[in-house]
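Subject: Structure for you to look at

Hi there,

Here is the structure I promised to pass on. Please have a look at it first, and then read my notes below.

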Amino acid sequence: MNKREFLKDAILFFPAAGVLQALSCQAAAKDAAAPAASAYDPTDHWYGMGVDVDKCIGCNRCVEACKAENGVPDEPFYFRTWVERYSIHSNGETTVECISTKPAPVDQVAPEDPGIVRTFFVPKLCNQCAHPPCVQVCPVGATFQTKDGVVLVDEKRCIGCRYCIQACPYGARYLNPNTRTADKCTFCYHRITKGLLPACVEVCPTEARIFGDLKGKADRLVRFQRVNKIAVLKPDLNTEPKVLYADLDGEVR
Amino acid sequence: MSGMPESLHEQLSHQLSQVIGFIYPNEVETQWAILIVVYPYLTGIVAGAFILASLVKVFNVVEVQPIYRLALLTALAFMLVAGMPLQLHLGHPERAYEIFFTPQPTSAMAMFGFVYLWYLLGILLIEIWFEYRQQLVLMAQQARGVMKGVYGALSLFSKDVSPEAIAFDHKASKIITIIGIPSAFLLHGYVGFIFGSVKANPWWGSVLMPIVFLMSAIVSGIAMVMFLYILLSLLRNARLDMRCLDKIGLFLLVAIIVDFALESLDYIHRLYQSEESIKILGELVSAKLFTSLVIIQVLLGMFLPLLILVLVRTVRFNEELRKLLYFTTSLLILLGIFSMRWNVVIGGQLYSKSFRGLMAYKMEMTGIESLFTALVLLALPFVILTVLFRLLPPRWMDEHALPAR
Amino acid sequence: MRLPEQVTRLGTVIVAILAIVLLLRFVILPESLFSARPHQAAKVEREMAKPVRYAGATSCRKCHAEQFDAKYGGAHRNIGCENCHGPSAGHAADEKAGKPPKPREREFCLGCHAYQSARPNGFPQVDPQKHKPKKRCVTCHDPHDPVPPETPQDCGGCHGRIERTKALSDHALLACAECHQVTEQHMIRPRQALPTKPDTRESCGRCHAVGTTDPAAAKARIDMARHGRSFLCWQCHYAHLPEGPK
């Protein structure tokens, strides 16, 4: 065949491929469009959490409850939520410890250091970002954001490449040693969709953790946003976290 | 509660005890370990060897013609192994096909799968086919038994070895190489982008990362071909084309200078800007990466080879000494580039994203993610290369004294 | 221009491979293999179906109204039952499924109430080695209404960090009541009856002004007319650790 005929056939290839692509998209849409026959509509909700740093007593009950509710391995290498302790000294040095890996002894009191000007506990967990970097990097779409704002990991499709764990700026993810897939806090999705509170919020003795629906009207989290000055972790990374901190000290990373 | 493997528990307990300062608790585990250090090292050599080969075809550097086929086969051998460390590293290797079935377009890792496929199938194999076609046809004619069928199949049963057909082969080869150069850039640039796009990790997340990775890939590829050329001439007791070797040395020198300039720029830029992460990154280099970065990567892997290559060009050494110096230099460079991959991959996981602590990585000796597996994977391309040399002997055409056309 | 024979051969192979791939992708293999969406929807369903282990505080009230109401009136009103009694969804669904534990050991209460400097001001804490050592907390404090047997008279129980800091300072021998007026009600319903804070310069001046005679303040006497403009003293001096750590 001559050059002209060849070119004509090549040009026709593109619309042909386009038609095939459109047909396949339609087929895919039909698969996904069939809705679950339940009363819960995720588009009515946009979940978030509030943390009142000044209320946290560092008792670690939230960490224990999360592990019990969600089957997180007991070992001190895997946490869906944890608590940090900050001690800011008058000489400018800040010391941080994770009290969830090494809880403080209950039978004795550490000697008071009068040089410490501020000291407090900060609970941490997955921020369920509105603009999640972990979802962006997943090669197979195993981690995704639900319509109600929770980031989940499909343990049946995750290939365990660990890219999402690298991409999370907050250290919220880990590789579950039993399923060998990525894992993290789900805001206790199985509880909140039934109107219950996440386990960590349920057991917090001082109401340092507040769970709520940012789309709600008479909602604890919505009021929390009104009466507190809100900060989020690492705002410069533009992940748009949905865990809102009140009274967050500038030393907290 | 968990049935986690004993060896993993031991490794993590040890790593937890080695923590200095504060780390997010989940950071105690090193997510990307030795296998992920091996992978960019291998793909780098693929890209670099191809770029060296392209100098012959596209830029008409006739002096390096003797290593053209060696460079192509090196690229192929390393490319066949490059995907293995990734596969072995996965938590679920049996699900790896999902990267091709349901790729997420926003994921650099997913898109890399297609770039890899394109480069292997669309560039490298086709390039090698056009280069070897005439030889395959002739070998098919001369062979007997099974090999006749094998060579026939490899040549896709084409029969035309007329001067016009050969001329077309060369032209096609040139066109594919022209497409292949940006493809090679894309191949290893993408690997750099996989790290460079991670904003969560300031040791990785930098605009220069893809460029630095690419330049160091070119350096390692040229060094590997140089190393193999000298090694093969030793093993075969054949004469080395010193003009070719000197030319390779020149390109290596230029590549090292560019690579060094880029890496220095990265460090100077960081130090000058002095962002928040600079303190912990400084501690990272001095406490955890001093030997692997300052000594091995920079001094032994860059400065010393640079010195030797400049010396070889300025002082008149005899052939034997030059060969020895080139051999040593290429080995030093390969060691230095491997160390650079280690410093990027492992280094990026030895400090906490809270910027307040340092961790440790205890490399396992045996197991899937272990030194043993890494060494096997590093040796495997040489085994494959041996097989390729048997199957597609680079000098067959010369040895069968065909009339020059 | 006729295409050379090798190109048509190579071209045929490439087209054949492409055709097979396209055929498999768009015609033969089911669409669900190539989309993450249906899998994500299935994952959401699976996640929602996971078992619940904590029943939630209000579900205990049905059968344990006495303890629930006792708790409601006291300091532990905002603590969910399962904080201490552990996950009890199984027990809430079926009483026979197993009784939740009743943690009575001292160590359990100390988990929250042992003194730590990082705990917020106003949170009741004890020194485990000084406060009734070896005794179980539940002996004196009903966990559902943990009001202490006697109204506390010293401030350090809830303001431990301030007390311990003050104990290391030049104000160590100064009683809290010297500067803060406190009513009995503050020890019973703290936030409903807050103590006063000194709001005049004279509050500090009565000991520290030049001309006063208390020997304890001998080292720190200043001319009130000239010192510190019109600021209140504690706007610069931290009264619990006046000149900073030694």
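Chain A has seven helices and eleven strands, where helices (H or I, at least four residues) and strands (E, at least two) are DSSP runs numbered from the N terminus. This is a predicted model, in which local features need pLDDT of at least 70 and side-chain atom pairs count only at pLDDT 80 or more, while totals for chains, interfaces and linings use all residues. Residues are numbered from 1 along each chain as its sequence is written, chains are lettered from A and ligands numbered from 1 in the order in which they are written, and side-chain values use heavy atoms, with hydrogens and water left out.

Of the 253 residues in chain A, 56% are buried (under 20% relative accessible area, 1.4 Å probe, protein chains only). The chain exposes about 10,900 Å², with carbon and sulfur atoms supplying 56% of that area (Shrake-Rupley method, 1.4 Å probe).

Six of its six residues, 47-52, are buried, so the strand is largely enclosed by the rest of the structure. A:Tyr47, A:Met49 and A:Val51 point one way, and A:Gly48, A:Gly50 and A:Asp52 the other.

And its partners? Strand β9(A), residues 209-213, runs antiparallel to β1(A) and is joined to it by five bridges (strands pair if DSSP finds at least two bridges between them); there, A:Tyr47 has A:Asp213 as its bridge partner. Strand β11(A), residues 243-246, runs parallel to β1(A), with four bridges, and A:Leu244 is the bridge partner of A:Gly50.

Best wishes

Conventions:
Buried means under 20% relative accessible area, exposed over 50%, partly exposed in between (1.4 Å probe, protein chains only).
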